[in-house]
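Visitor: Could you walk me through a structure, one feature at a time? I'd like to learn how to read it.

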Amino acid sequence: MNALFVVGDRYAAFADQTDAMTVSRLVSGIRAGTLRPPGRVPVGPLVLAEGQGVSPYDWELIGDELARQGILDRTRIVRAERGAPATRTETHKHRERNVLIAGLTRTGENTFAAALSIDNDEELQLDHQASHVQGMVLLEAARQMYLAVCERHYASRWPERHYAYVFDSLRTTFRNFVFPLETTIACHVHSADLSDPELLSFDVQVDFGQARLHAADVRMVGTAFDRELLARKETRGAQRAVRQALRVLPEPADLVPAG
């Protein structure tokens, strides 16, 4: 059996280091006939396993090209079963391609699980060159996990309210590289203070695992403010910042004419 992982084009460096193939290279290979058995000699089944950055649209293209070459019936496509992506309301992201968690489930009274799901055009991927998943992607995924758990399982007690989340502290430890393959996300809510509906407090840890290794963990302590309350606090803070910034500007008499 021939098996390989398929990853998004952003992970060409990872594909170069391994037996994985990017979507573009795989499609080119199929079209060139390099994945078709030479003559009548069978090469056994081909297994294509989904890594990160591969969309349903990509799989449709791959399937069409396999069919044109007459090898679709000898190919098994193993799609990732990550579940539905978290919603816009839960992650506070406007574009689905920037949502990094999928299949959010509750696994215990204070524990939750999800899968990392990275779109090829996710915003943090657009200007980064590495074979591994960069740390900022994991930090953003941890932030989204924190938000989604708090929104779905705690703040939802007050559906008439809309919350904005502010971190008081964030501590991160990176233990192993994460590559564009299946990655698990575990979340433990150490504490949730819900005594004041206008101001909720959370202490949450998010852990990332891949290939049976503990890859990274992020401990976040933060507050969810009712949006109207936060808007008032932000307005006062913005006005104070402007006043302080104005005080350090040079006086008009101290300005030196240009030229």
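This is a predicted model: local features need pLDDT of at least 70, side-chain atom pairs count only at pLDDT 80 or more; totals for chains, interfaces and linings use all residues.

Visitor: Let's start with helices. At roughly what angle do the axes of α2 and α3 cross?

Guide: Two packed helices are described by the angle between their axes and the distance between the axes. Here, helix α2 (residues 23–32) and helix α3 (residues 56–68) cross at roughly 15°, and their axes come within 9 Å. An axis is a line fitted to C-alpha atoms, for helices over the stretch in contact, and the angle runs from 0 to 180 degrees between N-to-C directions. The helices and strands themselves are DSSP runs (H or I, at least four residues, for helices; E, at least two, for strands), numbered from the N terminus.

Visitor: And what do we call that arrangement of α2 and α3?

Guide: The two are therefore roughly parallel to each other. The cut-offs go like this: under 35 degrees is roughly parallel, over 145 roughly antiparallel, 65 to 115 roughly perpendicular, and the rest oblique. α2 passes α3 in a left-handed crossing, a label used if the near helix is turned anticlockwise from the far one by less than a right angle; clockwise would be right-handed.

Visitor: Which residues in α2 and α3 meet?

Guide: On the α2 side you'll find V23, L26, V27, I30 and R31; on the α3 side, D58, L61, I62, E65 and L66. Contact means heavy atoms within 4.5 Å. The residues of this contact divide into 7 nonpolar, no polar and 3 charged.

Visitor: Which residue forms a salt bridge with R31?

Guide: Side chains of opposite charge can pair when their charged atoms come close. R31 pairs with E65, the closest N and O atoms being 3.2 Å apart. The partners sit in distant parts of the chain, 34 residues apart, with E65 in α3 and R31 in α2. A salt bridge here is a side-chain nitrogen of Lys or Arg within 4 Å of a carboxyl oxygen of Asp or Glu. E65 counts as buried at 7% relative accessibility; buried means under 20% relative accessible area, exposed over 50%, and partly exposed in between (1.4 Å probe, protein chains only).

Visitor: How many salt bridges does a search of the whole structure find?

Guide: It finds 15. Take E50 and R82, with their closest N and O atoms 3.7 Å apart. E50 lies in strand β3 (residues 46–50) and R82 in the loop between β4 (75–78) and α4 (88–91), so this pair ties together parts 32 residues apart in sequence. Both E50 and R82 are buried, and a network of salt bridges links E50, R79, R82 and E182.

Visitor: What about E90: which residue is its salt-bridge partner?

Guide: That's R152, at 2.7 Å between the closest N and O atoms. E90 is in helix α4 and R152 in helix α5 (residues 135–153), so parts 62 residues apart in sequence are tied together. E90 counts as buried at 10% relative accessibility, whereas R152, at 33%, counts as partly exposed.

Visitor: Now the backbone. Is the phi of A211 positive or negative?

Guide: Most residues other than glycine have a negative phi, and most peptide bonds are trans. A211 has a positive phi of about 50° although it is not a glycine. R212, also not a glycine, has a positive phi of about 65°. A211 is in the loop between β9 (199–210) and β10 (213–226), and R212 lies in the loop between β9 and β10. A211 is exposed at 65% relative accessible area, and R212 is exposed at 89%.

Visitor: Is A216 buried or exposed?

Guide: Buried, at 1% relative accessibility. A216 is in strand β10, and its contacts, leaving aside neighbours within four places in sequence, are L138, T173, F174, R175, V206, D207 and F208.

Notes: Residues are numbered from 1 along each chain as its sequence is written. Side-chain values use heavy atoms; hydrogens and water are left out. Ala, Val, Leu, Ile, Met, Phe, Trp, Tyr, Cys and Pro count as nonpolar, Asp, Glu, Lys and Arg as charged, and the others, Gly among them, as polar.
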